[in-house]
Structures are given as structure tokens and as C-alpha cells.
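This report treats the backbone, the aromatic contacts and the pockets of one protein model. The sequence and the structure are shown first.

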Amino acid sequence: MVVGLGNPGSRYAGTRHNVGFEVLAKLAERWAMPVAKDKYKGRFTVGRIYPGGPMVALLQPQTYMNDSGNSVGPARGALHLDLDHVLVIHDEIDLPFGRIESRLGGGLAGHNGLKSLKQGLGSPDFRRVRVGVGRPDTTDPEIVSAHVLGKFTEAKSDVQDLIERAAAEAERVVTADAGTE
């Protein structure tokens with residue numbers, strides 16, 4: 001199951017915090033997934049990533065970022081997935097804009113969406129694609145919050161490239177996992 005983190009509603013569209021939603025939409029387009037339906041407190045769909053390829057579920061929680069675990073936990077339970085078969089795509093302020101990293105598990109770094117997922121999944125040991133959105137030059141919580149909830153200020157072409165590369169990394173992780181089953 002691939003999960004894109006973000007906040008629902010047009011108010012948050014195009015913000016750094018919603019990059020997970022953007023990457024998930026790109027994957028759904030690439031993989032020609034069925035139209036998502038409301039399920040597990042989110043937008044949910046299941047399909048194959050290519051003809052004869054592995055089945056994958058896509059979930060876009062509609063609970064707001066800070067309550068994402070209330071969507072992802074029940075979906076994982078219903079699908080009977082091992083924790084390492086959950087891939088979460090999220091914004092990462094501790095990475096410079098444009099940098100993308102994937103890993104299994106790790107810290108929560110003050111990310112409220114990841115904290116909620118740890119609670120909803122019972123562990124922080126899920127796979128992640130961390131999408132660098134940069135950090136402001138301060139640790140002031142209000143300024144950091146305004147940064148992640150703000151629209152990208154980088155060139156639109158740079159943002160689209162970031163989304164494409166993050167989708168490619170998520171696809172690489174999914175297909176690598178499929179080869180080990």
C-alpha cells in the first residue's frame with residue numbers, strides 16, 4: 001500500500017505539506033489506476049502497476065495530516081499487510097528542496113503526520129519516501145508551520161520535476177519489494 005500524506009481541501013493544494021498527495025496522484029496517473037473511492041477515511045484505489053505486475057493499493061488520507069494514522073492503520077489492518085509493505089510519501093523539511101530519500105523506519109523528526117502513523121500502525125518501521133521541501137532559517141514553530149503549509153516558491157517546473165522524481169523513487173521501492181515476494 002502506498003500512502004501519500006497531505007491535507008484535504010483546495011486551501012492546501014500546492015503546499016509543501018501536500019507533496020505526498022501530489023506524488024500519489026502522479027503514481028495513479030502513471031499506473032492508470034481506477035478512480036479512487038471513499039474508504040478508510042481516505043481516497044482509496046487498488047490496481048496493478050502494469051499488466052501482470054504487482055497489485056498495489058493507493059491511499060490518500062482525508063483526515064488531515066495530524067490524524068493520518070486513523071486512516072492508514074485501519075486500511076493496513078483490512079488489507080492484512082505486513083508493516084514493511086506500507087510505503088508513505090511525505091514532505092521532509094530536514095532535506096533541502098529537491099532531495100529525495102527512501103528508507104525503512106527512522107525517526108519522526110517532529111512530523112505530526114509521521115507521529116500519527118506511528119500511533120495508527122503501532123510502530124515507526126514503515127517504508128518512506130522523504131521528499132525534501134527545505135527548511136526556513138529558523139526553528140520558530142509558527143514560521144516552520146507557515147513554511148510547510150505555504151505554497152511552493154520554487155519554479156513550477158522544479159516542483160513538477162520533484163514530484164516526477166519522487167514518483168519514480170516510490171515506483172522503484174514498490175517494484176523492488178515485488179521482486180522479493
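## Aromatic contacts and pockets

Tyr 12 counts as buried, at 13% relative accessibility; buried means under 20% relative accessible area, exposed over 50% and partly exposed in between, with a 1.4 Å probe and protein chains only. The model is a predicted one, in which local features need pLDDT of at least 70 and side-chain atom pairs count only at pLDDT 80 or more, whereas totals for chains, interfaces and linings use all residues. Residues are numbered from 1 along each chain as its sequence is written, and side-chain values use heavy atoms, with hydrogens and water left out.

**Aromatic pairs.** The structure holds three aromatic pairs. Rings of Phe, Tyr and Trp (its six-membered ring) pair if their centres lie within 6.5 Å; planes under 30 degrees apart count as stacked, over 60 as edge-to-face and the rest as tilted. One of the pairs is formed by Tyr 12 and Tyr 64, which are edge-to-face at 6.1 Å centre to centre with 80° between the planes. Tyr 12 lies in the loop between strand S1 (2-4) and H1, and Tyr 64 in the loop between S4 and H2, so the pair ties together parts that are 52 residues apart in sequence. Helices (H or I, at least four residues) and strands (E, at least two) are DSSP runs, numbered from the N terminus. Another pair joins Tyr 40 and Phe 44: the ring centres are 5.0 Å apart and the planes stand at 80°, so this pair is edge-to-face. Phe 44 is buried, with a relative accessible area of 9%.

A charge is also placed over a ring: Arg 128 lies over the face of Phe 126, at 4.6 Å from the ring centre. The criterion is that NZ of Lys or CZ of Arg is within 6 Å of the ring centre and within 35 degrees of the ring normal.

**Backbone.** Most residues other than glycine have a negative phi. Ala 32, in the loop between helix H1 (19-30) and strand S2 (37-39), has a positive phi of about 50° and is exposed, with a relative accessible area of 66%. Tyr 64 has a positive phi near 75° and is partly exposed, with a relative accessible area of 43%.

**Pockets.** A pocket is an open set of points on a 1 Å grid over the protein atoms alone, where a 1.4 Å probe fits, with protein on both sides within 12 Å along at least five of seven lines; lining residues have an atom within 4 Å of a point. Grid points are joined across faces, edges and corners, and a volume is the space filled by probe spheres set on the points.

| Pocket | Volume | Residues nearest the centre |
|---|---|---|
| Largest | about 400 Å³ | His 17, Gly 110, His 111, Asn 112, Val 148 |

In the largest pocket, H4 supplies the largest share of the lining, four residues. In the second largest pocket, H5 gives the most, with four residues.
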